[in-house]
Every structure is written in structure tokens, then in C-alpha cells.
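Thanks for coming, everyone. Let me put the model on the screen, and then I will walk you through it.

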Amino acid sequence: MSAETLTENSVANDFWDGVRLSMPVVVAAAPFGLLFGAIAVDNGFSVLEAFAMSALIFGGASQMVGIELFGQHVAPWLIVLSIFAVNFRHVLYSAGIGRRIAHWPVIQQALGYFVLTDPQFAVAERKAEAGETVGFAWYMGLGLPVYVLWVIESALGAVFGKLIPDTHALGIDFLLPIYFLGLVMGFRKRPLWLPVVIASAAASIIAYKTVGSPWHVSIGAVAGVLLAVILPPHHSGVEAKR
């Protein structure tokens, strides 16, 4: 077998390993994709517009916020600002994942940032911490199924939204929070994990009760980052460099 064939097989295996890891995210996000499409149509969007919003923005929570604000006829600048508030955490994700994919060509990095989601970041970060290289094929295998199926589910929700039962009554809307909790627990061996989680959760809850949604998402994230930054290096188990 030639070296070229071995390389192609390795790339294919990496891609399908990523696809396999993406399946829990696809299943957990499915109700929300369908729900988004249904809500979009209820707020005056056409099926094509709902499809395009998912394809271009690809941000579940921010899309939900944007749709709700569109329905209330809020000023466009406030809608953009609210979506930015929800997606601000992706600035932090990008800063973190950038060091893992810096060896990719620029176009591949751009694609990587586009499909970057909460679980995408967490799974890729765990792979890097295990000493493994975050390759482009593996990364896209993890991200593409989530993206493609999110867009398809949004369109299906827009077309058949009236047939979707109440997700709250069925309890399926709780799948994604459970998955995210699992991702958070996966980082529990990191230094300062518990204090950062507590600070982020407390700040998010307080912000939700006082400032309101969607700002609590970004405020909680910033609170966790600030705590990690201000604590002395010896508290995090990191020795100061001489």
C-alpha cells in the first residue's frame, strides 16, 4: 500500500471519528433546530429566510433571541447587540481554540471558526489536552454534521412547525443542557475548575435576575474568566516561569 493511500485512509478515519463524536450533539440539538424553524415562521419569517438564518448565523441561542426580538419589532441595532451578547462567549472560544489550529492553512482556520460551537470547543480542547493533534479532517467531521443537520432541521421546523408537539411537555428540550453539563464535568480535573464554575454560574444567575436575558450568558462567561485571571499562579498549580 502506497504512502498516499495510507494518508488518505488516515484522513478518512479521522473524519469518521469526528462524525461519531458529533452524534450526541446532533441528537441533543434536533428539538431546538425544529423549534427554531417553527418559531421563525410564527414571527413572520418565510421557510427560506429561516433556512438562510441558520445557514449564515449558525448560532442556536442567538437565533432564538433574534427571532423573539424580531417578533417584538425591536430596533435593528438592539437585535444585533443582543445577538452579540449571546455569542460573546465565542470570542473566548476562538482565542482558546486558535492555539490548537494555528498550524492549519488560513482558509481551513476560517472554516474551523465558522463551525465552532460549545461542544466543538470542549471536545477539541479535551483532545488537545490528551496530547493529540487537532486535525482538520477530525475537526470538520465533528462540526459538519451538526451544522448540516441544524440547517435541515430549521427548514423542517419551518415547514412542519405546526405539527411539532410541545417540547417542554415531552422533556426533550432538556437533552442539550444535560449534554452541556457532561461537557463541563469533563474538565473537572483542571485546576480551579470548581471555583470558576461556581463563579460563572453565580454571576450568570444574578445577571439573569437583574440584567436579564441574553446578557447573563456573557456576564457569566466573563466572571469565570476573570476569576481564573486574577487568582495567583500557585493557586492554579502553574509554576511561575523563571
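First, one cut-off: a residue is called buried when its relative accessible area is under 20%. Take H90. Its relative accessible area is 17%, so H90 counts as buried. H90 sits in helix α5, which covers residues 89-98. Setting aside residues up to four places away in sequence, H90 touches L116, T117 and D118. We will come back to that part of the chain.

Now, the overall picture. This is a predicted model. The chain has 12 helices and zero strands. The chain exposes about 13,800 Å². Carbon and sulfur atoms supply 70% of that area. Now look at contacts with a separation of 6 or more. Of these, 74% join residues 24 or more positions apart.

How far does the confidence go? The mean pLDDT of the chain is 80, and 80% of the residues reach 70 or more. Among the elements, α6 has the highest mean, 94. Helix α9, residues 167-170, has the lowest, 56. Then look at residues 235-242. There the pLDDT is below 50. Beyond near neighbours in sequence, that stretch has four contacts in the model. Where pLDDT is low, the predicted coordinates should not be read in detail.

T117 is in the loop between α6, residues 106-114, and α7. Is T117 buried or exposed? Its relative accessibility is 13%, so T117 counts as buried. Leaving aside neighbours within four places in sequence, T117 is in contact with F58 and H90.

That brings us to F58. F58 lies in another loop, the one between α2 (47-57) and α3 (60-71). F58 is not a glycine, yet its phi is positive, about 50 degrees. At 10% relative accessibility, F58 is buried too. F58 also belongs to an aromatic cluster, together with F114 and Y147.

Let me stay with aromatics. How many aromatic pairs does a search of the whole structure find? The search gives eight. One of them is F15 with W16, an edge-to-face pair. The centres are 5.3 Å apart, and the planes make an angle of 85 degrees. F15 is partly exposed, at 24% relative accessible area. W16 is exposed, at 56%.

Compare that with Y93 and F121. Their ring centres are 4.8 Å apart and their planes are at 20 degrees, so this pair is stacked. This pair links distant parts of the chain. Y93 is in helix α5, F121 is in helix α7, and 28 residues separate them. Both Y93 and F121 are buried.

So what about α7 itself? The helix runs over residues 118-129. With 12 residues, at 1.5 Å a residue, α7 should span 16 Å. Its end C-alpha atoms are 17 Å apart, which agrees. Because 10 of the 12 residues are buried, α7 is largely enclosed by the rest of the structure. Among the buried ones are D118, P119, F121 and K127. Remember D118: H90 touches it.

K127 lies over the face of W138, at 4.7 Å from the ring centre. After α7 comes G131, with a positive phi near 85 degrees.

An α-helix has 3.6 residues a turn, so residues three or four places apart point the same way.

One last stop, further along the chain. A207 is in helix α11, residues 193-210. Its relative accessibility is 4%, so A207 counts as buried. Which residues does A207 touch, not counting residues up to four places away in sequence? G212, H216 and I219. A207 and V217 are 10 residues apart along the chain, and their C-alpha atoms are separated by 8.5 Å.

To recap. The predicted chain has 12 helices and zero strands. Y93 in α5 pairs with F121 in α7. And for residues 235-242, keep in mind that the pLDDT is below 50. Thank you.

Conventions: Residues numbered from 1 in each chain as written. Predicted model: local features only at pLDDT ≥ 70, side-chain atom pairs only at ≥ 80, totals over all residues. Heavy atoms only, no water. Helix = DSSP H or I, 4+ residues; strand = E, 2+ residues; numbered from the N terminus. Contact = heavy atoms within 4.5 Å. Areas by Shrake-Rupley, 256 points an atom, 1.4 Å probe, with all protein chains shown as cover. Buried < 20%, exposed > 50% of the residue type's maximum accessible area, 1.4 Å probe, protein only. Phe/Tyr/Trp six-rings, centres within 6.5 Å; stacked < 30°, edge-to-face > 60°. Lys NZ or Arg CZ within 6 Å of the ring centre and 35° of its normal. Expected span 1.5 Å × (residues − 1). pLDDT = per-residue confidence, 0-100.
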